[in-house]
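Hi,

Here is the structure I said I would pass on. Have a look at it first, then read my notes below.

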Amino acid sequence: MGCSHSVHNETKKSEKAMKAAVLIQNWYRCYKARLELRRRQALNIFENIEYADEQDQMQLAKFFAFMLEHYVKNKSSADNLPKIFNPEPKRKSDEETIISLIEVPDTYYGPRLKFPLTFADVVLLIDAFKENQILHARYVLEVLLEAKKILQQMPNIIHISSTVSKELTICGDIHGKLDDLFLIFYKNGLPSGNNRYVFNGDFVDRGQNSMEVLMVLFSFLLVYPNDVYLNRGNHEDYLMNMRYGFTKEIMQKYKQHGAKILHLLEEVYTWLPIGTLIDKKVLVIHGGIADNTDLTVLEQMKRNRMRSVLMPPLVPAVFDPRHGHFSHELPPPAMLAMEQLTKYEWDQIVNILWSDPRSRKGCYPNTSRGGGCYFGPDVTENILTKFGLKMIIRSHECKPEGFDICHDGKIITVFSASNYYEEGSNRGAYLKLSHDTTPRFFQYQSSQITQAKTLHERVDIVENAAFRILGERMIIRKTNLIQAFRKYDPNDTGKISLSDWAKATEEVLELHLPWMSLCPRLVKTIEDGYVLYNMGFKDLPVVRAPKVAKAGMVETLVRYRSDLKIIFNIIDKDQSGLISMDEFRAMWKLFCSHYNIDIEESHVDQLAHSMDLNKDGSIDFNEFLTAFDVVHRATNKL
Amino acid sequence: ILLLHWILVFNAVDGNNGESLQAKAGLLELQKKIKEAFEVFDHEANDTVDVREIGTIIRSLGCCPSEGELHDLIAEVEEEEPTGYIRLEKFLPMMVKVLSERRYRPIPEDLLLQAFEVLDSAKEGFLTKEELVKYMTEEGEPFTEEEMEEMLSAALDPETNTIQYRDYLAMMVIDEN
């Protein structure tokens, strides 16, 4: 009959439609999954490399200790130590005099601040920064000086109480991303007596506006000292800044007074409190804890003696009364003149700034980062119980959603720098705490693009950036990589299996990544599952080093260029950018022996000469090192 | 493509009792590939992943199970008392089997096109935004709002507010390669 026939048709039609829909949904989900894998892989690459970089600094720290001992051995008193190892206590009047001598010219159209700062000043500052203006060095120094005065009065761990009516907002790493800070203020309101904030460290480095972020935060601190709390992060460390971008930013924005700013900044960092304790129950610290974390010790130590994670305290020599001298060769005056924390105190604070929570029980060294430790849920439980705490809020790790909860709700990670690795890599978040209730999280993702990009485009961007930095790691070990490949090819056929390639690459680069799936993107030729390793890599960045330099040496210099930069800066006592050839040679010798590098001094000399950098027997080390910067071919990004 | 190669090698020698050296090598490579995909989501490097990521892992290895089929696969590898985590130990053999038996193969382009044509009841060569949203969020194994938005961001032609599905598919194929 007509009716049932059409009903039957309808049913068939809708069945068909359902099947078609499922097909399309299925296909799309697979497509999405493949993109998601690529995105995660890219993030893993970023994270792996970031932590490997941090690990490198352990080596640098040891080198400094080595250098220090070397200097101290050869000098009879503290006076001859390079200033960097023994800063003279600065007299207040000196600093203020120096700053007051800096004139702000009439041609300066940026914001002019009046001290003591008011809310109006800060608003002025924010508006100026939104217009990309740069605050004059005079005001930067004044803000830093005033901030130091306030911070000096604060205890190591600040105790605050939450209130029923007003919520407290806690933000994590900002890393110089001014647009994220402004986004938080937009969503959550500016700091004030009614709107309290805790900023949990890592305000600077990596992003382009570390100075502006710092100025905004310190200004709010000056205006609302009882409502804005700034905890020290592992990047509030002048030596870290040399590696991770803030020092460079300062020298670029403040060519004339940059050095003064760096000196004052170094000190201001040491006065930042280590943590905040809310209602005696919620501890807010930047990194994490260790099994021996002792709040009492942390509260009592002289925190301003913690200058840098790269400068651990030297173990004092033991006085040998029988022979009337110190059994170690170090002369005591030079050593004792340096104000140091005890090793125990120093470890306590490094753990607070560098540790990461993990699900594995126990406490063990944080080998990824080279500082602090990994702590398990049992450690958390013990420390919380021991000190009567309810939970710990920390930052320090980038999370895709901007926050993370682990250890059964007792450890919260909050990270406020969205797009940390690259546009589209992750969201940022902040949390709000009110009296006795569970924290509420707010997420965001700042974006400079006016049009929304498709998922595919966003993943491409993140992935390309990840491969760029991977390329940088590979190029500095190219010689070693080829050597390793040859080992797996005893018959010299020019090809090795994919899995051997993966093994070799992981060995050389010391990065645990999915090399087998990354391989097709990194090498030029793969045939039948074999890598033709002599055909080279795809799209590796290049180094513009002069031709006279030998390949092995170039790679070494590229690899250690950021460490070398720090070392040169330290030797350069008057911050002129120049060090003498003698100093250069002496340092170079030490460096090579300590890092087990096999480069002859004469080669380096040759190179320096050929580059015609010798100006009156000095080396302009910035120029020297620029030659070993890495340039990417496809784009013009450095 | 590399993955497919190893599956072919593995299958090709299966006839000779599957014991040849090549087959063994093929199996090893396959396992490595699966392990790598797994490890991307293994945040703590302890050979476990959150069960909610299993779907992504399986699909990223080139399989296209439906949500229902995925459910079944997860049930196979879950612990007796579900912990919210899946261990590599259980996942690996299951995945090797799925891949070597060539289950849940991806949908060929022409079938995909046919599917769109089925939904295009007026046979105009395109779907309106409303039509697509209705089908994707109400029929079959419905999309979440996020999934829908994402698909639209690439599929929707903003000028006509329609989905020109032939062009869309052609673009997706290029993107993938």
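Glu101(B) counts as partly exposed, because its relative accessibility is 41% and the buried class ends under 20%. Its salt-bridge partner is Arg103(B), with the closest N and O atoms 3.3 Å apart. Arg103(B) is partly exposed too, at a relative accessible area of 24%. Keep in mind throughout that this is a predicted model.

While we are on salt bridges: a search of the whole structure turns up 37 of them over all chains. Some share partners, and one network built that way joins Asp356(A), Arg358(A), Arg394(A), Glu397(A), Lys399(A) and Asp404(A).

Another one in chain A pairs the side chains of Arg468(A) and Glu422(A), at 3.9 Å from N to O. That pair links distant parts of the chain, with the two residues 46 apart. Arg468(A) belongs to helix 14 (residues 455–475), while Glu422(A) is in the loop between strand 14 (411–414) and strand 15 (428–433). Glu422(A) counts as buried because its relative accessible area is 15%, and the cut-off is under 20%.

Now chain B as a whole. It has nine helices and five strands, and along the sequence they come in the order α-α-β-α-α-β-α-α-β-α-α-β-β-α. The chain runs to 177 residues, and 45% of them count as buried. If you take the contacts in chain B with a separation of 6 or more, 56% are between residues 24 or more positions apart. The accessible surface of chain B is about 9,600 Å², and carbon and sulfur atoms account for 52% of that.

On to where the two chains meet. The size of an interface is often given as the accessible area lost when the parts come together. Here chain A and chain B bury about 4,200 Å² between them, with 65% of it on carbon and sulfur atoms. In terms of contacts, 41 residues of chain A touch 47 residues of chain B.

There are also 17 residue pairs in polar contact between chain A and chain B, counting those with both residues at pLDDT 80 or more. On the chain A side, the elements that give two or more residues are helix 1, helix 14, helix 16 (498–509) and helix 17 (515–522). Helix 1 of chain A gives the most, with 23 residues.

Salt bridges between chain A and chain B number four. In one of them, Glu53(B) pairs with Arg40(A), the closest N and O atoms being 3.2 Å apart. In another, the side chains of Glu147(B) and Arg29(A) meet at 3.1 Å, N to O. This pair crosses from helix 8 (residues 145–155) of chain B to helix 1 (residues 2–74) of chain A. Both Glu147(B) and Arg29(A) are buried.

Last, the annotation. An unreviewed UniProt entry places the feature "domain: EF-hand" at residues 476–511, 559–594 and 599–634 of chain A. In the model, residues 476–511 of chain A are 61% helix and 8% strand, and the end C-alpha atoms of that span lie 14 Å apart.

Cheers

Technical notes:
Residues numbered from 1 in each chain as written. Chains lettered and ligands numbered in written order. Predicted model: local features only at pLDDT ≥ 70, side-chain atom pairs only at ≥ 80, totals over all residues. Heavy atoms only, no water. Helix = DSSP H or I, 4+ residues; strand = E, 2+ residues; numbered from the N terminus. Buried < 20%, exposed > 50% of the residue type's maximum accessible area, 1.4 Å probe, protein only. Contact = heavy atoms within 4.5 Å. Areas by Shrake-Rupley, 256 points an atom, 1.4 Å probe, with all protein chains shown as cover. UniProt positions renumbered as here; feature names shortened; annotations may be inferred. Buried area = accessible area lost by both parts, 1.4 Å probe. Polar contact = N/O pair within 3.5 Å; in protein donor to acceptor, adjacent residues only side chain to side chain.
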